[in-house]
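Thanks, everyone. I have one structure to walk through, with the cut-offs spelled out as I go. Please keep it on screen.

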Amino acid sequence: MRNIKSQAALEFLTTYGWAFLIILVVIASLSYFGILNPSKLLPDRCNFGAEFGCRDYSIGNNGISLKLSNNVGQPIIVDSVTASTESTPLTCSSSIVSAVWKSGEVRFVPIICDFTNAGLTQGSKEKLNLKFRYHSAKGGSAFAKDVDGEVFATVQEGGVKVGTSCKDALNNGLKIDGVYTINPGTEDISVYCDMTRDGGGWTM
């Protein structure tokens, strides 16, 4: 009787063990070919410390567009903006750097980055880590503070909107060559901006 029970238990484990293994292989295959991608199920998000309120956000093919409010309670000056993926630091520039940001003011913050070796895929959801260093407009940079944030969103086809022209973008502190979205007056268009040759600000 004991042998019969042992054999039945072994057959039960063997049968359901194979079934469990097949399920794991199917799930792994779907994940490998991108059909089952857990990140697609996660909601988009934009998180910062209490100092900055994130009103709107997007990731383009050359950087990040943010609409942020200054919640510090006093005017501030942003000293630097840095960005990175989970494994790669990025080279970025932003027009918010060195500008006086009034208390409670909501500002459009374009962050132009070189995504060449970042491994970001257009149409997929990606997470970018951000760090803002700022100081009080009344104080000095020796009393600077850091605020960490993150943006998790689908990488869009177009570039970050930067103004009316490449020259306008350059004057606003954006100094990286690449594809930008400008609006000369009637509609958004994507152009290549040369920000380094002969003073920069050239539209191609």
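Start at Lys 127. Its relative accessibility is 26%, so Lys 127 counts as partly exposed. On cut-offs: buried means under 20% relative accessible area, exposed means over 50%, and partly exposed lies in between, with a 1.4 Å probe and protein chains only.

Before I go on, the ground rules. This is a predicted model: local features need pLDDT of at least 70, side-chain atom pairs count only at pLDDT 80 or more, and totals for chains, interfaces and linings use all residues. Residues are numbered from 1 along each chain as its sequence is written, and side-chain values use heavy atoms, with hydrogens and water left out.

Back to Lys 127. Which residue does Glu 86 form a salt bridge with? Lys 127, with the closest N and O atoms 3.0 Å apart. A salt bridge here is a side-chain nitrogen of Lys or Arg within 4 Å of a carboxyl oxygen of Asp or Glu. This pair links distant parts of the chain, 41 residues apart. Glu 86 sits in the loop between β4 (76-84) and β5 (89-90), and Lys 127 sits in strand β9. Glu 86 is exposed, because its relative accessible area is 59%.

That pair is part of something wider. Arg 45, Glu 86, Lys 127 and Glu 150 are linked in a network of salt bridges. Look at Glu 150, in strand β10. Is Glu 150 buried or exposed? Buried, because its relative accessible area is 16%. The side chains of Glu 150 and Arg 45 are joined by a polar contact of 2.7 Å. For a polar contact, I take a pair of N or O atoms within 3.5 Å; within protein, one must be able to donate a hydrogen and the other to accept it, and residues adjacent in sequence count only if both atoms are side-chain atoms. Along the chain, Glu 150 and Arg 45 are 105 residues apart, yet their C-alpha atoms are separated by 7.9 Å. Setting aside residues up to four places away in sequence, Glu 150 touches Arg 45, Cys 46, Asn 47, Lys 127, Leu 128 and Asn 129. Contact means heavy atoms within 4.5 Å.

Now the other charged pairs. The whole structure has seven salt bridges. One of them joins Lys 125 and Asp 44, with the closest N and O atoms 3.2 Å apart. Lys 125 is in strand β9 (residues 125-136), and Asp 44 is in the loop between α2 (38-41) and β1 (45-48), 81 residues away. Asp 44 has 37% relative accessibility, so Asp 44 counts as partly exposed.

Next, Asp 146 and Arg 133. Their side chains meet in a salt bridge at 2.7 Å, N to O. Asp 146 lies in strand β10 (residues 145-154) and Arg 133 in strand β9, 13 residues apart. Both ends are partly exposed: Asp 146 because its relative accessibility is 37%, and Arg 133 because its relative accessible area is 38%.

Stay on strand β9 for His 135. At 9% relative accessibility, His 135 counts as buried. Beyond its neighbours within four places in sequence, His 135 is in contact with residues including Ile 76, Ile 77, Asp 79 and Phe 143.

On to the open sheet. Four strands form it, in the order β11-β12-β13-β14, with mixed pairing. Two strands pair if DSSP finds at least two bridges between them. The edge strands, each pairing on one side only, are β11 (161-163) and β14 (202-203). Strand β13 (residues 189-194) runs antiparallel to β14, joined by two bridges. Asp 194 has Trp 202 in β14 as its bridge partner.

Last, the whole chain. The protein chain has three helices and 14 strands. Of its 204 residues, 35% are buried. Among contacts with a separation of 6 or more, 57% are between residues 24 or more positions apart.
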